[in-house]
Amino acid sequence: MNDQTMTPEERAANLKGMGSSRKRVEDVRFTQGKGNYVDDIKLDGMLFGDFVRSPYAHARVVSVNKEAALALPGVIAVLTAEDLSPLGLHWMPTLAGDKQMVLADGKVLFQGQEVAYVVAEDRYIAADAVELVEVEYEELPVLTDPFEALKSDVVLREDLEGQTEGAHGPRKHHNHIFTWEQGDKDATEAVLAEADVVAEEMVYYHRTHPCPLETCGCVASMDKVTGKLTLYGTFQAPHAIRTVVSLISGVAEHNIRVISPDIGGGFGNKVGAYAGYVCSVVASIVTGKPVKWVEDRMENLMSTAFARDYWMQGKIAATKDGKITGLWCHTTADHGGFDACADPTKFPAGFMNICTGSYDIPTAYLAVDGVYTNKAPGGVAYRCSFRVTEAAYFIERMIEVLAIKLNMDAAELRRINFIKADQFPYQSALGWEYDSGDYHTAWDKALKAVDYDGLRAEQAQRIEEFKAGKTRKLLGIGLTHFTEIVGAGPVKNCDILGLGMFDSCEIRIHPTGSAIARLGTISQGQGHATTFAQIIASEIGLPADDITLEEGDTDTAPYGLGTYGSRSTPVAGAATAMAARKIRAKAQMIAAYLLEVHDDDVEWDVDRFAVKGAPERFKTMKEIAFAAYNQAIPGLEPGLEAVSYYDPPNMTYPFGAYICVMEIDVDTGEWEVRQFYALDDCGTRINPMIIEGQVHGGVTEALAIAMGQEIAYDEMGNVKTGTLMDFFLPTAWETPNYTTDHTVTPSPHHPIGAKGVGESPNVGGVPAFSNAVHDAFRPFGLVQSHMPHDHWRIWKIANGLGLHG
Amino acid sequence: MIPAGFEYHRPGDIASAIGILQEHGDEARVLAGGHSLIPMMKLRMAEMGHLVDLQAIEELKGIEVGADTVSLGAMVTQHELITHDGLASAIPLIREAALQIADPQVRYVGTVGGNVANGDPGNDMPGLMQCLNATFDLSGPDGNRSVAARDFYEAAYFTAREDEEILTRIHIPVPGAAVGQAYEKQKRKIGDYATAAAAVMVGNGTASVAMTNLADTPVWSEGASAALASGDVEGCVAAMLDAIDPVADNRGPVEFKKHVAAVMLRRAIDRAQSRAG
């Protein structure tokens, strides 16, 4: 234990602390199929719930006849809005200040909406009973286009009729939800009017879906003897769910225990509250038995939270030589039948006002109009911070459109407009304070890594060959420099349903020098048990392998707002470092006592406190831990534990430079990613291997979104992409090779300088792929074409440009 | 995605299987690999009281490669088609096409008989079998008969097979080494049906051309085949474009499908010609 033979570097390496590519401790169980997901939970006497869903996108529910279903042996109950209404649970509040039907209350507003909830002894009987519930509908006119919806006489939300004031200000029309304005409208319009050059374009970011491998589900278990309700579920924010369940069900919060077990991906889909949770809780309270509800893939795609669906009209002004002088954006946001966006309360369009991106744009204006349509509700942050992928896609398309207008190289246009390293902290025109960045260094490194000039030369030659009839393939070079805004967030401006968005960590050191840490977050595959142990290891000098991490049980973990928006490392990671530092501060006093010197006469050395000037006199953290439990130290309480609730002073602003090289077959619309280079700067890097894995996963989801994935509706409001046959989820076959790289610009306000990374690759990846497609056709006159760039839409671009002869 | 209840049967020979089909009429369906039928049951788009699993019937298995004819049992899996060396040298087109069907997990279980008998216009094997001029053996209550692949398909999911018949074997004439073969398929992703696919044989003064998922049945065109046999590639493409009748879906509109159909066909012809002896 008192080994002095190892160097400090060797001792640090043994800790597997920050900077170590420590293997994921979670994978031992996951790779053996030993994970414990919601659907693995089996309780005695458990019943199963299943939904009767609307086949129509807009219809009046005339009647629901349960008789035949109730007559089926094994069916316990069939719940409708009428049954929930006496409890006040036929509607529930959304995270966005709206309310949402739990079960159809007189009408349905989207295909797949929950109409009745069947409870049966097994899931086969439940599914049979769903078929037997007779629902009479009267079809109503369907609105699937947000622009049409704002003009239509058809009232979607009759419950809001006459309400001219919504949760976020005035409503301009009966299908209008809110207008959210940021920046200086008059100044921006003046800049546009006087500019040398203005490029204008509609940039549509289509509706898609997070589609986690595990769908949403829960098991509600009411113990009528103790009065305790245990709710297991696929929750990205278990503590917030407990509070919400308490507020809407009336069950006291101390009688509710929410447990998020292993979660098979969330990507924003599992932040909000769904009808399935409410109905399962009610069914369990009524029957006194556990009730499980797990949606299938089609239900997941049709009814749980979608992402994007932003129509972003943009104007960007610049001088003749390419210096951007102003940015204007008006977004029409299609929210579906209910506004169930999962954003901080004061941000109905999330952080869309990060849409000035990585650029020093002195004047800007953003307005977002939220609109009701006959589509599923949602608008969640699918692997991005709130609406940040939309913002990044918008600005990175507008830069390309401006480059075309200026006849400039898009890489150079970016370079001359980047915020400079010495401008940080940088105050953006739309209200954010960027904490740190060095965009020029990252950009130059990226361009050099891919031999950008060589690629442009190859592209020019390819165009000549194409024109000469020697090839039918074009080469696209997709550029992106993105800036994320993550780590929500400061309690002064970020809350969800009034709950401040701090987060927490509690650490207990055991007498033998191992530890357990509990956090208010919940991993859905991010590897928290691996990385947060590394933070503690570096901070207090105990090996990461000796530290257990627990999340997701509200009875044991400290309160926190959960995991989404890349907030775990910026907020809970900071809390972890701060809790560890409290422990180290007490450990210092213990060490000084044991070494019989003054507190100030010992100094920290990797895994021990040593007497200043006498490094051979030291106490290791293990020795200190034992002493904390077996020595009576004057003035100190026994034990060694700490808790920290961390309210971050600011968001963090990770950034990156992504470059995609794509081959496109003009005749078939087929594409192949030849090269993808991803440089990420997420500040201090905790586990490089996990960062690389996060980048691979995020870029793959970006590939899916840009190149084919969508939730499409026909004019009747039918979902056309409700199965994985039509909803593009890439397999290993479609996934290209990625080259990852990094620069390190620590966050100045985060205790360890980390910024968060899980979502950067989706934010940067989508514009990189889309810009590659656009870039391939730029020489032939393409300015803007909407995603997803599937085969036929790419073919349509080529066809429209006359490339098919 | 939970099917309605059904009785499960697992007969050991063809005669017993036919007996079960006779007993239950249109309440019964045979199950081969299940990759089409089981999803339809889970969607409750197919509901039947009796499922007759053919897995245990030895007579339906095995690949026989003769000098002039290849014979495939209906329950031969796509994986077996791919890994059978004798088959690959006799008719390389089969392996080439089978490798473009779904993914390895599906191919371990999916069968050639199920693929041709289901009558799904998206399946690859029907067009391939028409190109190869295969014949299908059918067994039923009235005994055995054979139907040419080119006469088998009537409409989507409707074939010449009667409800109480089972498709038992497939016989394919060996085209000979001088005949070049190619299968060209455009799809959106692994596991997808074709946006357009073309099976082509050409050489020795003969040719045969069939396409997949461009009408409610596979499309073998006598005119297109004759044109190609005479060396008229453009005539072949024109005749095939006349014969197909694609519909718009999530893969794209009709105009796009016709365009890529021609592209796939030309590419398959190019490759087949380069392989002709």
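A residue counts as exposed when its relative accessible area is over 50%. In this predicted model, Glu154(B) has a relative accessibility of 51%, so Glu154(B) is exposed. Glu154(B) sits in strand S8 of chain B, which covers residues 153–155.

Glu154(B) also belongs to a negative surface patch.

Most peptide bonds are trans.

Phe424(A) and Pro425(A) are linked by a cis bond, with omega near -5 degrees. Pro425(A) lies in a loop of chain A, between helix H12 (410–417) and strand S21 (426–427).

The bond from Met787(A) to Pro788(A) is cis as well, and its omega is about -5 degrees. Here the loop holding Pro788(A) runs between helix H19 (760–777) and helix H20 (791–800) of chain A.

## Positive phi angles

Most residues other than glycine have a negative phi. Arg383(A) is not a glycine, yet its phi is positive, at about 50 degrees. Arg383(A) lies in the loop of chain A between strand S20 (378–380) and helix H11 (388–406). Arg383(A) counts as buried because its relative accessibility is 8%.

In chain B, Asn133(B) has a positive phi near 55 degrees. Asn133(B) is placed in the loop between helix H8 (124–131) and strand S6 (135–140). Its relative accessible area is 35%, so Asn133(B) is partly exposed.

Notes
Residues numbered from 1 in each chain as written. Chains lettered and ligands numbered in written order. Predicted model: local features only at pLDDT ≥ 70, side-chain atom pairs only at ≥ 80, totals over all residues. Heavy atoms only, no water. Patch = residues over 30% accessible without salt bridge, like charges linked within 9 Å, V, L, I, M, F, W, Y side chains within 5 Å. Areas by Shrake-Rupley, 256 points an atom, 1.4 Å probe, with all protein chains shown as cover. Salt bridge = Lys/Arg side-chain N within 4 Å of Asp/Glu carboxyl O. Lys, Arg positive; Asp, Glu negative; His and termini not counted. Charge placed at Lys NZ, Arg CZ, Asp CG, Glu CD. Helix = DSSP H or I, 4+ residues; strand = E, 2+ residues; numbered from the N terminus. Buried < 20%, exposed > 50% of the residue type's maximum accessible area, 1.4 Å probe, protein only.
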